[in-house]
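Thank you for making time for this. Please bring up the sequence and the structure, and I will go from the overall fold to the ligand, and then to a few individual residues.

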Amino acid sequence: MNLGKISVIGGTGDIGEALVKRFSLQNEVVIGSRDPTKAQDCAQKFSQEVLQSTGKSVQITGAGNTEAASAAEYVILAVPHAFALATAELISPYLSPSSILISPVVPMAKTPQGFVYVPVTSESGSESVAMALSRIVKVPVVAAFHTLPASRLGDVAVTPNFDVLICSDSNSALERVADLVKNTPNLRALTVGGLAMAQVVESLTPLILNVAIKNKLRNLSLKFV
Ligand SMILES: NC(=O)c1ccc[n+]([C@@H]2O[C@H](COP(=O)([O-])OP(=O)(O)OC[C@H]3O[C@@H](n4cnc5c(N)ncnc54)[C@H](OP(=O)(O)O)[C@@H]3O)[C@@H](O)[C@H]2O)c1
């Protein structure tokens, strides 16, 4: 089922590449970058890699971030947390009113003890990046994909078996993102709650990374059984 176009802002990066390749198997995908030429080069490269891995011709194009943001039903903000809010401010005027902004962004820091969650400081104390984004953009925000490891997700020759935790204050946006996840073989969407719950989900990524490092494991995710 084709659910409409998906744009990945920062689609040239690690999780961006993975999401672009995985979603291109079912949907048209636009890579957004600060540099349109870089986005177009990545689009060509990722399309060829998907073709080589699966034999499937896919539709991936590249554009500047604002053009990519205006082009899609689903806009995924796949940039490092330090730049997430400024990038959202930049693309916000270009988002179609019918689109959804999806945040996989994890605000975290590396300490000598390991990775720790560092929520966004706000007037009310601290909050998730997803909640902070919802104050910037006029479209519904959905927090999703935080616990998926880029390299396994992006290996389109295999079908990963991942749970995707999703949070939003908009039930219709939650349903649309759940449809996007379900449309991707072996990904399961699990609703956690409203954006007030996004802090809990965002804080799982440092946990996963610390377990991976301490136990010399790779490509870890969370699966609810
Ligand atoms: N890596 C993972 O496995 C993973 C998993 C789950 C969630 N996440 C989250 O997803 C987000 C992206 O992670 P990543 O590992 O893919 O990051 P990344 O590879 O370091 O960066 C992604 C993209 O962000 C853009 N970018 C870099 N600096 C920027 C700036 N100053 N302003 C605007 N855009 C900038 C770059 O795209 P252009 O140069 O093309 O503009 C870059 O390719 C993070 O918030 C992370 O917490 C990552």
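Predicted model: local features only at pLDDT ≥ 70, side-chain atom pairs only at ≥ 80, totals over all residues.

Let me start with the chain as a whole, which is built from nine helices and 12 strands. Its radius of gyration is 16 Å, close to the 17 Å that the globule rule gives for 225 residues, so the chain is as compact as a globular protein of that length. Taken along the principal axes, the C-alpha atoms fill a box of roughly 45 × 40 × 30 Å. If we count the contacts with a separation of 6 or more, residues 24 or more positions apart account for 71% of them.

Now to the ligand. It is surrounded by 24 residues, and the closest of these are Gly 10, Gly 13, Ser 33, Val 106 and Ala 150.

Let us turn to the interior. Of the 225 residues in the chain, 44% count as buried. In soluble globular proteins, nonpolar side chains tend to be buried together. Here, the largest nonpolar core has 63 residues, and those with the most contacts inside that core are Val 75 and Leu 77. What does Val 75 touch, if we leave out residues up to four places away in sequence? Its partners are Ser 7, Ile 9, Ala 69, Leu 95, Ser 99, Ile 100, Leu 101 and Ile 102.

Helix H5, residues 129–136, is mostly covered, with six of its eight residues buried. The buried residues in H5 are Val 129, Ala 130, Met 131, Ala 132, Leu 133 and Ser 134.

My last stop is Ala 71, which lies in the loop between helix H3, at 65–70, and strand E4, at 74–77. Why does Ala 71 count as partly exposed? There are 19 other C-beta atoms within 10 Å of Ala 71, and a residue counts as buried only if that number is 20 or more, and as exposed if it is 12 or fewer, so Ala 71 falls in between. Leaving aside residues up to four places away in sequence, Ala 71 touches Lys 5, Ser 7, Val 30 and Ala 63. Finally, Ala 71 and Ser 96 are 25 residues apart in sequence, and their C-alpha atoms are 7.8 Å apart in space.

How values were computed
Residues numbered from 1 in each chain as written. Near = placed C-beta within 6 Å. Core = buried A, V, L, I, M, F, W, Y, C linked by C-beta atoms within 7 Å. Contact = placed C-beta atoms within 7 Å. Helix = DSSP H or I, 4+ residues; strand = E, 2+ residues; numbered from the N terminus. Rg over C-alpha atoms; globule rule 2.2 N^0.38 Å.
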